[in-house]
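Good morning. Please have a look at the model on the screen, and I will then go through it piece by piece.

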Amino acid sequence: MPGRAPLRTVPGALGAWLLGGLWAWTLCGLCGLGAVGAPRPCQAPQQWEGRQVMYQQSSGRNSRALLSYDGLNQRVRVLDERKALIPCKR
């Protein structure tokens with residue numbers, strides 16, 4: 001590009017030392033930003049959905065359900081999955 005001076009580099013060990021110092025300064029600066037304020041524990045999401053499978057060892061059957069949780073209104077929804085027994089289907 002016209003009007004711009006070419007980028008000059010410092011050769012040898014001095015250049016490596018300067019570049020290493022720049023990286024160390026940058027990393028220390030970024031780590032210092034993360035240390036601002038007191039650490040806080042993680043918070044669980046306010047709303048989530050999941051699946052539940054309960055295995056009954058005595059009968060060898062599974063029961064399945066869909067779960068939903070709403071933390072704002074303190075609601076839990078459990079929808080049981082019912083599968084009809086179809087003969088000759090694997």
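A word on contacts to begin with: two residues are in contact when heavy atoms of theirs lie within 4.5 Å. Take the contacts in the protein chain between residues at least 6 apart in sequence: 12% of these join residues at least 24 apart.

Now the origin of the numbers. This is a predicted model, in which local features need pLDDT of at least 70 and side-chain atom pairs count only at pLDDT 80 or more, while totals for chains, interfaces and linings use all residues. Residues are numbered from 1 along each chain as its sequence is written, and side-chain values use heavy atoms, with hydrogens and water left out.

Next, the overall layout. The protein chain has 1 helix and 3 strands; helices (H or I, at least four residues) and strands (E, at least two) are DSSP runs, numbered from the N terminus. Read from the N terminus on, the order of elements is α-β-β-β.

How much of the chain is buried? Buried residues make up 7% of the 90 residues. The word buried stands for under 20% relative accessible area, exposed for over 50%, and partly exposed for what lies in between, with a 1.4 Å probe and protein chains only. In total the protein chain exposes about 9200 Å², and carbon and sulfur atoms supply 60% of that area. Accessible areas come from the Shrake-Rupley method with a 1.4 Å probe; for residues, only the protein chains shown count as cover.

On to the sheet. The 3 strands form an open sheet in the order β1-β2-β3, and the pairing is antiparallel. The edge strands, β1 and β3, each pair on one side only. From one strand to the next, the twist averages 20°. For such angles, axes are lines fitted to C-alpha atoms, for helices over the stretch in contact, and the angles run from 0 to 180 degrees between N-to-C directions.

Strands count as paired if DSSP finds at least two bridges between them. Between β2 and strand β3 (residues 75–81) there are 7 bridges, in the antiparallel sense. Leu-67 has Val-78 in β3 as its bridge partner, and Leu-66 has Leu-79. The hairpin of β2 and β3 has 4 residues between the strands, and there Gln-74 takes a positive phi near 60°.

Is Ser-68 buried or exposed? Ser-68, in strand β2, counts as buried because its relative accessibility is 14%. Leaving aside neighbours within four places in sequence, Ser-68 is in contact with Trp-48, Glu-49, Arg-75, Val-76 and Arg-77.

Val-53 is in strand β1 and counts as partly exposed, because its relative accessibility is 48%. Not counting residues up to four places away in sequence, Val-53 touches Asn-62, Ser-63 and Arg-64. The C-alpha atoms of Val-53 and Leu-66 are separated by 9.0 Å, with the two residues 13 apart along the chain.

Last, the aromatic rings. The structure holds 1 aromatic pair. Trp-48 and Tyr-69 form this pair, which is tilted, at 5.9 Å centre to centre and 35° between the planes. It links distant parts of the chain: Trp-48 lies in strand β1 (residues 47–56) and Tyr-69 in strand β2 (residues 61–70), 21 residues apart. Rings of Phe, Tyr and Trp (its six-membered ring) pair if their centres lie within 6.5 Å; planes under 30 degrees apart count as stacked, over 60 as edge-to-face and the rest as tilted. Trp-48 counts as partly exposed at 40% relative accessibility, and Tyr-69 does so at 27%.
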